[in-house]
Amino acid sequence: MSAAPTRLRAEHLSEAMGLAVREPRLSWTPPGGTGSQTAYRITASNGWDTGRQESAACAVPYSGPPLASRSHFEWRVRTWNTDETGAETATGWSRPVSVELGLLHATDWVAQWIGSDEPEIPAAGERPGYAFTKTFTLGSAPARARAYATAHGIYELFINGRRVGDQQLTPGSTSYHTTLQVQAHDVTDLLCEGPNTIRAILTDGWFRGTFGYTRDADMYGTHTAFLAQLELESGAGKRVIGTDGSWLVSATGITGADLMAGQQVDFRARDAGSAPPAGKAPGARPAVVRPGSFTQLTGPLAPPTRVTQELAPVSIKRLPTGHQVVDFGQNIHGWVRLSRLGAPDETITLEYGEALGPDGDVTRDHLRPHDFRAPGAFRDAGQVDTVTASGAAGEVFEPRHTTHGFQYVSVQGLAADLQAADITACLVRTDLERIGAFHCSNQRLNKLHDIVEWSFLGNSCEVPTDCPQREKAGWTGDWQLFIPAAAYLYDVTGFTRKWLRDVRADQWDNGIITNISPSPGPAVTSAEFMGFTNGSAGWGDAIAMVPWEAYLATGDAAILAENWEAMQRWLGFVRTSAETRRHAARAAASPVPAPHEQYLWDTGFHFGEWMEPDGPEPDLFAARTADNGIVATAYYRHTTHLMARIAGVLGRDAEAASLTKLSANVRAAWETEYLDAAGQVAPASQANCVRALAFHLVSPEHRATVTAQLVDLIRAAGTHLGTGFLATPYLLPVLADNGELDLAYELLLQDSEPSWLAMVDRGATTVWELWNGIDAAGVAHQSLNHYSKGAVVSFLHRYTAGLRQASGSSGWERLVIEPRPGAGLTSASTSHQGPRGLIDVEWTVREGSGDGAVLALTATIPAGTTAQVLLPGRPAAVVGPGRHTFLAATGGDSTQSELMRSTL
């Protein structure tokens, strides 16, 4: 009997606690060293037994006894597999994995929403935390205990002084108007015979704290609230303790907490639920029962947010001002843990930042957002914590009710010299499993890959954010650009499904996809642009592009199905805009529209290419009336093309045929409108040429002309990229796939601004928002942690190392291995943990026995997978599971017509 299946998942989660799905999808990875799966058998502790099922599927829906609230079972799987000779063997049983459902119905709750009476609510950013406490007595320790909790705000839960679980920032960020996650915990070991105390700390969080670029507050409500239900089972029966008016509320040592501004803690204030010393804080009092919905409550789709890594300082420097500047050597998202505080009654200030100013201290000037209530002014960047010591032994400051984006911390007001052991940086993010890697012989490219990974880790807290300091917002455009790279390096399936649930919830009645999700809606903002900019091409199209990438990574068509209606509604908005509206300039030039114009999307607000190097400064208000049809129509074509493929996957054949026809008409209209008589793109720009080739907007006979036009534009820019936000991920693949591989590598290795390696050479540890994020004079500009430009690393995976999925494949069932070295690289390797197992590709260039060098390739193919191997001077080879070695001459390039972007 061979090894057993591994990586068992329920709903793509390794921790399936508190699910709200009655038929969870179960999946596993076949054991390594096997050929193909022929059958499986699942057994579960609730009596479910599939028996032997003849199937190669490694993901199936639960089909056992009906599941209800609180249902719990453990399941395991074994498979039968064939080897290269066709002989079948059975595996051992996998390790059992538990699945437990949460409270599925509003009627399951006996608890009530509670909050603090707040006669006066302090200004946003300065609001204190509250403690909610309940003490109860047990005749004996329970045999089983579960705690279910959530909040309007951010909460931490404690039982008998011990923190419940290691999740952070609960209940997490969601569109609270429709969705609020409940955390479920096994707390059996935390309870005991006799008196027990359950206690929660509650702060503003995303619910009513300041948030985003505009720093608006109270976006989901004006009062925080807490909800918890403790269910205990013992020989004496079942007991339920829920939040209600009998709970006590009191002040805490958190005198202010805000996700953007920071956290203030005064250890002199007691917060144990009992009356503190006179004059320090109001005493304990009954909690206020608040109205609250139970229909919005749901379970997890994504892994929890945790502290996933801790960093020690690389240096600590005291300045003449007395400030101590701590450098952690890496830009991250999270907070610090400080164990050396001041003397009793002394306050220490911690100022977090990504860069240092001329005086050597932390600067936050480049992160200050505009104040839309005072045109021309800027708001404070936030990211400042304070802590006042009481002098009690063991006081440690860890501000878990705020987060910051930082590499440096300026510690102010501390007389004692900090030692490295006194302060630790905590990386806070969704606990995503790493599944991909890359390495090559060029250390600068390795560093580039490293900073891209760190940039993603700093922007993967709860939702895919644009930056972890200035906004922390889930911009749709950023994720649609980066998800191909992210899904290769990390398991982002649940993370993406959770975010897409919010995107669907936030969709407007007319089909518009909001720019940011989660979002409370356009009415809750101080800035007009937060409303009228929604509906932009390239941002709204994320509703089709992101699910498609998640499907390709997993093979799970359910991800497509659950977003199909939202895709249709978005396309309906786009199509209506194209068919019923004309840009004013076009209408003035020709009152009667040409037949192709019904397929041009040239009205409404669009960001356009956005942030092109040396381009004009963005003007959102001017963009309301600008003609961005060349960009918007390109995405109209691309989304219809993708949706046609999605409809085919979902078995919607008639819709697939209709969408294919629409996509062809939009493509023809784009070519008619935006190619001149010479077959060149007009207006000419690198971005427009890249899109023309990447989205197949030009006919085959024009591809060479447009490629030459793109090359000329690049050379005219001094062999620098000129693409902005949307087109940059496609630039190198388009060049490589159209006979310009050497130029692609020239751009990749360009080290003068604008370029990726300019960031590396100037000491970046994460990807910058601007190409000159740190300029030649060392001055910081805007965010220094924006992952979108880092999408270039997919070129390293799929071209340099040479691993990609075959066209038409999903779930990495069929591969293409085609290394395309350049720029003097002598080796590269990459690996990816696909649904069927680990894929590993490695090549080196070494001296051959004759005149030329030899490329030696080794590839490991997992069970149930085939790979086509394409090497210079050799016929294509198709191989199956196992480890394979190939030798080929160097110097050739087997150019293929497929693009790196798997959406194409």
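Predicted model: local features only at pLDDT ≥ 70, side-chain atom pairs only at ≥ 80, totals over all residues.
Residues are numbered from 1 along each chain as its sequence is written, and side-chain values use heavy atoms, with hydrogens and water left out. Local features were considered at pLDDT of at least 70 and side-chain atom pairs only at pLDDT 80 or more, whereas totals for chains, interfaces and linings use all residues.

Helices (DSSP runs of H or I, at least four residues) and strands (E, at least two) are numbered from the N terminus. Helix α11 covers residues 629–649, and its end C-alpha atoms lie 30 Å apart. G651, which follows α11, has a positive phi near 75°.

Helix α3 (residues 476–489) and helix α4 (residues 493–506) have axes that come within 13 Å and cross at roughly 155°, the axes being lines fitted to C-alpha atoms over the stretch in contact and the angles running from 0 to 180 degrees between N-to-C directions. α3 is therefore roughly antiparallel to α4 (over 145 degrees). The contact (heavy atoms within 4.5 Å) involves T476, W479 and I483 of α3 and F495, T496 and W499 of α4.

T38 is located in strand β4 (residues 36–44) and is partly exposed, at 22% relative accessibility. Beyond four places in sequence, T38 touches R52, Q53, E54, S55, W80, N81, T82 and E88.

Definitions and conventions. Expected span 1.5 Å × (residues − 1). Parallel < 35°, antiparallel > 145°, perpendicular 65-115°, else oblique. Buried < 20%, exposed > 50% of the residue type's maximum accessible area, 1.4 Å probe, protein only.
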